[in-house]
Amino acid sequence: MPRDWPVYNGYATAAARRGLVAAVVDHSLIHGLDRLVAAADEVEAAVGVLRSDPRVDPDRVGLWFFSGAGLLAGEWLDSRPDWLRFVALTYPLLATPPGVDDLVTAAEVIGKHKDLPVLLTRAGLEREELAGPVAEFVSAGGAALDIIDVPKGHHGFDMLDHTEESRAAVTKALDWAIAHLGEEPGDDGKLLVPPPPATKKTTSTRRTTAAAKPATAVKEAPAGPATRQTPPPAPKATPAPSVAPPAAPVQAPLADLGMATVAAVTADTPAARVVSREHAAFDAHDLEAFLAMYSPTARILLADGTELKGRRFLREHYSPRFNAGQCKTEVVQRLMLGEWVVEHVVSYDDGGPTPQLGLYRVTDGLITDVEFRA
């Protein structure tokens with residue numbers, strides 16, 4: 001898997017030794033450029049999982065794109081959520097070949113958000129088909145772009161070129177990232193990416209402290225011939241402990257059985273807790289936390305028949321409402337059964353109350369299907 005490659009373990013270990021949380025994300029782009037949209041949704045899902053982790057400061061996150069994953073950077077440069085502290089690109093692919101549907105092109109949106117730091121680590125001996133789009137990106141970026149040049153470096157120099165120039169470039173990029181996450185780079189002059197241990201392999205890339213939540217740097221693995229590994233699901237809430245059954249069965253009256261059925265349906269469930277967190281993010285006008293509760297391939301059928309599929313389209317639909325402060329919904333009644341949550345809600349999107357039924361399906365801690373009936 002790309003995220004198991006020594007080079008990414010090296011970056012992650014170096015970041016962890018400086019007190020950060022470093023996560024490397026596998027995505028569908030490793031199966032081919034035709035999976036670009038799916039890869040974008042998967043990266044967004046992984047970021048949502050990380051930001052919801054209690055050990056991570058959700059307001060200090062940076063995204064670091066390598067090689068083919070550079071194609072995913074444009075949308076983040078375009079939309080720039082408040083919590084995004086920087087975008088870094090190392091020997092990136094920035095243009096799709098003819099016939100491949102692309103996303104937002106990085107060169108078109110670089111500099112759109114003046115307060116978003118962007119770093120490019122550029123290989124002097126880059127492949128010709130990558131060098132042209134990188135040059136256009138540099139030309140468009142101007143003062144909005146910081147550049148680390150590796151004049152004698154090839155594409156993948158941090159794996160192929162075992163030189164002081166390569167190691168210094170990696171160190172400088174890591175120092176830059178730490179500085180923009182709110183920490184100051186070290187002044188000891190030591191390189192931060194050590195050679196692999198001779199006898200023992202480090203498997204953990206996390207290090208946290210009790211005093212404060214660490215910042216997070218998310219690195220995207222490049223496209224390549226490897227098997228996709230799905231990002232980990234959001235942490236599941238622990239269900240309440242069950243009550244031990246009586247020693248001998250007792251036949252309850254019919255009325256009591258009816259009460260027991262209602263209690264089982266209306267009791268709190270893991271699915272209900274996920275939906276409640278979605279509602280809380282909605283009420284707080286926190287779009288990123290709201291989207292983090294949904295599967296990357298979630299499907300929502302609105303009351304007017306409009307169907308939304310995937311987080312990218314959920315973002316496009318809900319962003320205007322969040323920006324306008326139109327996020328008010330009252331839950332009148334709720335029923336739960338297994339992975340399903342059914343609610344009678346009153347929505348105030350247009351100022352006046354609109355009663356609706358909402359049907360939510362939750363799988364592996366994320367909402368996968370929603371249907372509204374007016």
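Visitor: Why is Arg 167 called partly exposed?
Guide: Its relative accessible area is 31%. Buried means under 20%, exposed over 50%, and partly exposed in between (1.4 Å probe, protein chains only). So Arg 167 counts as partly exposed. One caution: this is a predicted model, where local features need pLDDT of at least 70, side-chain atom pairs count only at pLDDT 80 or more, and totals for chains, interfaces and linings use all residues. Residues are numbered from 1 along each chain as its sequence is written, and side-chain values use heavy atoms, without hydrogens and water.

Visitor: What makes Arg 167 and Glu 164 a salt bridge?
Guide: A salt bridge needs a side-chain nitrogen of Lys or Arg within 4 Å of a carboxyl oxygen of Asp or Glu. Here N to O is 3.0 Å, so the pair qualifies. Both sit in helix α7, residues 164-180. Helices (H or I, at least four residues) and strands (E, at least two) are DSSP runs, numbered from the N terminus.

Visitor: Why are Arg 167 and Glu 164 said to be about one helical turn apart?
Guide: Because they are three residues apart in that helix.

Visitor: What does the salt bridge between Arg 315 and Glu 288 tie together?
Guide: Their closest N and O atoms are 2.8 Å apart. Arg 315 lies in helix α11 and Glu 288 in helix α10, so the pair ties together parts 27 residues apart in sequence. Both residues are buried. Both also line the largest cavity.

Visitor: What makes that space a cavity?
Guide: On a 1 Å grid over the protein atoms alone, a cavity is a set of points where a 1.4 Å probe fits but cannot get out; lining residues have an atom within 4 Å of a point. The largest cavity holds about 60 Å³. Volume is the space filled by probe spheres set on the points, which are joined across faces, edges and corners. Helix α2 gives the most to its lining, with four residues.

Key: 1 Å grid on protein atoms, 1.4 Å probe; cavity = no way out; pocket = protein on both sides within 12 Å on 5 of 7 lines; lining within 4 Å.
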